[in-house]
Each structure stands twice: as structure tokens, then as C-alpha cells.
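Thanks for coming. Please have a look at the model on the screen, and I will then go through it in order.

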Amino acid sequence: MSQSIILLLILALVAPAGSADTTATHTSVTLIPPGPVSDKIEVEIRLAVFNNLETVRDVTACFYADRIDPSNVIGQGSAHLPGNGHALISAWWPTAGHSGHHELLFHIEEAGHSIAQGTQSIDVIASETPALPMLQAGWADAGALVPPTYPQARPTTPQDVRNKVDAMNAVGMKTIIFTYVEAVIFGSGPFYPTEISELGHPPLEFDVVGLILDQAAINGQHVFLGLGRGSDLYLTWDGFNDPARLQFALDLGKRVAQELWDLYSHYPSFYGWYLTHEANDIAGAGNYYNPMADFLHEFSPDKPVLISPAGTPILSPSIIRNSHVDIFAYQDAVGSGYVPYQYTYDPQRRIAMLDQVFSSYQAAHQGTGKHLWSNLELWEMSGPTYGNAYPADFSRVRQQIEIHRKYVQMITGYEFLGMMEHPDSTLELGGPKAVQLYRDYRDYLPPGLLNISQWLVR
């Protein structure tokens, strides 16, 4: 039998990643980053293996690139599965020399017998830098949809939310980070139907979370859900050593997460979690981050947990390695012209520091097994106080992209809602400056970048 026929038979047996096995085992698999990616990074394949039996079991998994063959092994690992429990097995795949479309496969065995297989697709693009020169993810603050946060021509409708997701997809933002599912700290409420009384009443008459997940699923996008901060804005700044504040925040966060999982885990676009609390002292904030991440990983350990440290993070390789979160998306702090512990409202002062800042992040992440992304600020403030943000000129944003791309796996843009607006939008959220930023960014993208097939070497 020829090798090609063997491969076809193997792929015919491969179940879609994340689908349920109705017998003893089911799996869920996630790639970080989700792609497309450059040919200068390592992609993590995270495989969650679930034991549907009450008995303890031992399994092994092997990962392959493009075909199940000893010459194509990426990595392997084993797991001890508790009764009705689960485990995470992961491997890292260097993309160097692999420009093109690829299938990353896994095969699980128990006592020498095959029990599960699966695959995930990823596109790799030749690039001069670790990150592609584009915003591959966009942040979405649902509070932007509530007047009078930003200028808008009329009240927001459910179709507007779907249009925003489509507009992000149209410029290559295949990942969406939903910053707050509730905004109690801003005097707002939940953006989804909740039974948690502390979250108050929804400020909009429709389910923003569900709309974004649904439209993203249609488009093949990935969504992180941010838990919100309850009523404690500064928990991870001055409250991480206060047992009462920590316990209250953890209890609320867990209830929100459980409700989100119960409502939305069936969406294929549900990619991971964002811990909305920001921090500079990453080790101290771990008093909140770590137990919260552990709780979230219990739902499905392949789904990553992301944080976005503020502009002067206290870091070391050991602090990063010991953190229980998976992705660090560092704020570039350009919008307010931040220099250590001061807002200058001169973006160029912060931009002058960015090479050194992100180089230090890159060095601190080496060998930690944690993902390094960036959070590029699309907004600007005129001062003299922190507030009244408006969309930046693209000439400034392009400076940021050119710096970020040298150091991180993936660039995210904060934020889309209110800062970038499709020219065809009748909502006109953010006004003319937001339309101009979207148009200029779209015009900047190389013609073939959004048609990935034109970039792939097959």
C-alpha cells in the first residue's frame, strides 16, 4: 500500500479537534498562537485529554506535522488521567523552514492501543520578524457601545455588533479579546444575561457576548472572554495581599466564569480567557492570577489564560515561568505617552523607549514556556488628565507595529470599538477619526496579506 493511501486512511479516521468521543475519551486541542503565524516562532499544541470513566488511566500522546510518520514527530508526552478527570499534554513546533499550510496532528494510545486522533490546521508565512506586520487580534470593550462613551450616530443594534466582528475579520483580526463581560467598575453592568445580582442590570438590551461568539464562529475567528473586575478596580495593585479582597474577587470571578462556560462553551469560537485585572507587580498579582487560572483550566486545560501587564511590569524569567497564566500581552503604553510612573501625553516619548522595553520582555520570556504577545494602543490622549481617548493617526500606529513585530509572537490592537470604524458603518462609532484609522490601516496591509493562500509556499 502506498504512503499516500496510508495517509488518506489515517486522515479519514481523524476526528475534528475538540469533538467528543462518546466512549472512554474525548479531547480538545488549541494552537497558540492560532495562526496565521510567521516562520520565526514556536507554536504550542495544547491537547486536553478527558477521561469519561471512573477508573484511573494512563495515556501517551504523540504529535506530528502533516502526517503520522516517525520522521514527522513534533513531540510526545504522557498523562495520568484521574477517574472522570483530565490532563494537559503539550508540544512546541518550531515554524522555521515551514512556510505553507500545515496540519498538526495528534495520536493518543493507552496500553498500546489507539484511542483518539485529531488535527488542527495552521498557515505559516515567511516573515522578517517573529510577528507578522499586522494586528492579528483586536480588543473589544463593550462599554464603547453604550452612549455617550464615544461619538455615535444612533443607538447600537445587534446587527451593529455582528458588523463590528465582520469589520475586524476583514482586516485580518482573526482573534478577538473581549475585555469586560461586565463593567461594574465603570458604572455599567453585564453585557450578557446573568443571574449574578452583583453585576446589576445590562446597559444594552441584547447579549453582546453571545453575538460576538456567534459571528466569530461564522467567520472562523477566536474569542477570549474577559471576566471583568467587579467593583475592585485596584485589586492587583494594592489589594493582592488583602485576604478578604482576594477571596471576594476570586469568588465573584469563579461565578462569572462558571456562568460563561455554561452559556457559551458550545461555541467553536470560544478560544480562551482574559483576566481583566491589570498589574505591574506580576508576582504579587499572582495571588489572584494563579488560583483564577487554575480554576479556568479546570473547564478545559487547553484553553489559554491571558493577562495584559501594565507599562512598568516587574519581571524575571522565574516570575514568568512560575505564573499559572499562559499568555502575556504587554501594554505598550503609547496612548498616554507613559514613561515610568508618569503620563506625559506625548506618544513619541514612549515610542522612543519601546525597543528597549520589548527587548527586555523578550529576554525575560526565553525558556519560560509562556507566550509573548503585545497590546498595541490605538488611542491617544491630549491630557492634562487621563481620559477622553480618541483614535490615533495611523502614521503613529505604524511606528508601533514596526517595533512590536521584532520581539513578540503576535500583535494585538487595543481597542477596536470606538477607535476603528468601517467606512460603511451607519453607527459611526468613534466618529471620523475612527473611520480614518480603519481606512488607513486597511490600505497599509499588503494586498495579498488577507488572502493567505497567496502567501503560502506549497
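A word on naming first: helices (H or I, at least four residues) and strands (E, at least two) are DSSP runs, numbered from the N terminus. This is a predicted model, in which local features need pLDDT of at least 70 and side-chain atom pairs count only at pLDDT 80 or more, while totals for chains, interfaces and linings use all residues. Residues are numbered from 1 along each chain as its sequence is written, and side-chain values use heavy atoms, with hydrogens and water left out.

Let me begin with the whole protein. The protein has 11 helices and 21 strands. Its C-alpha trace spans about 70 × 50 × 45 Å along the principal axes. The radius of gyration, taken over C-alpha atoms, can be set against a globule rule of 2.2 Å times the number of residues to the power 0.38. For 458 residues a compact globule would come out near 23 Å, and the protein, at 22 Å, agrees with that.

Buried means under 20% relative accessible area, exposed over 50%, and partly exposed in between, with a 1.4 Å probe and protein chains only. Of the 458 residues, 57% count as buried. Contact means heavy atoms within 4.5 Å. Among contacts with a separation of 6 or more, 71% are between residues 24 or more positions apart.

Ser-300 sits in the loop between α6 (282-299) and β14 (305-307). Is Ser-300 buried or exposed? Ser-300 counts as buried, because its relative accessibility is 4%. Its side chain and that of Asp-302 are joined by a polar contact of 2.5 Å. A polar contact is a pair of N or O atoms within 3.5 Å; within protein, one must be able to donate a hydrogen and the other to accept it, and residues adjacent in sequence count only if both atoms are side-chain atoms. Leaving aside neighbours within four places in sequence, Ser-300 is in contact with Ser-28, Ala-48, Phe-50 and Trp-261.

Thr-368 is also a loop residue, placed between α9 (354-365) and β18 (371-377). With 8% relative accessibility, Thr-368 counts as buried. Its side chain reaches the backbone nitrogen of Lys-370 at 3.3 Å. Apart from neighbours within four places in sequence, Thr-368 is in contact with Pro-317, Ile-320 and Arg-321.

Gly-35 lies in the loop between β2 (25-32) and β3 (37-38), and at 13% relative accessibility Gly-35 counts as buried. Which residues does Gly-35 touch, not counting those up to four places away in sequence? They are Ile-122, Gln-136 and Lys-174. Gly-35 and Ile-122 are 87 residues apart in sequence, yet 5.7 Å apart in space, C-alpha to C-alpha.

Val-146 is in the loop between β10 (137-140) and α2, and counts as buried at 17% relative accessibility. Not counting residues up to four places away in sequence, Val-146 touches Gln-152, Phe-191, Pro-203 and Leu-204. Tyr-407 is 261 residues from Val-146 along the chain, and their C-alpha atoms are separated by 35 Å.

Now the empty space. Rolling a probe the size of a water molecule over the atoms shows where empty space is left. On a 1 Å grid over the protein atoms alone, a cavity is a set of points where a 1.4 Å probe fits but cannot get out, and a pocket is an open set with protein on both sides within 12 Å along at least five of seven lines; lining residues have an atom within 4 Å of a point. Grid points are joined across faces, edges and corners, and a volume is the space filled by probe spheres set on the points.

The largest pocket holds about 1,300 Å³ of space. It is lined by 43 residues, and Tyr-180, Phe-186, Glu-278, Tyr-386 and Tyr-414 are the closest to its centre. The elements giving two or more residues to this lining are β17 (342-343) and β18.

How many cavities of 30 Å³ or more does the whole structure have? The search finds 2. The largest cavity has about 100 Å³ of space. Helix α5 (residues 243-264) gives the most to its lining, with 5 residues. The second largest cavity has about 50 Å³, and there helix α2 (residues 158-170) gives the most to the lining, with 4 residues.

That is the tour.
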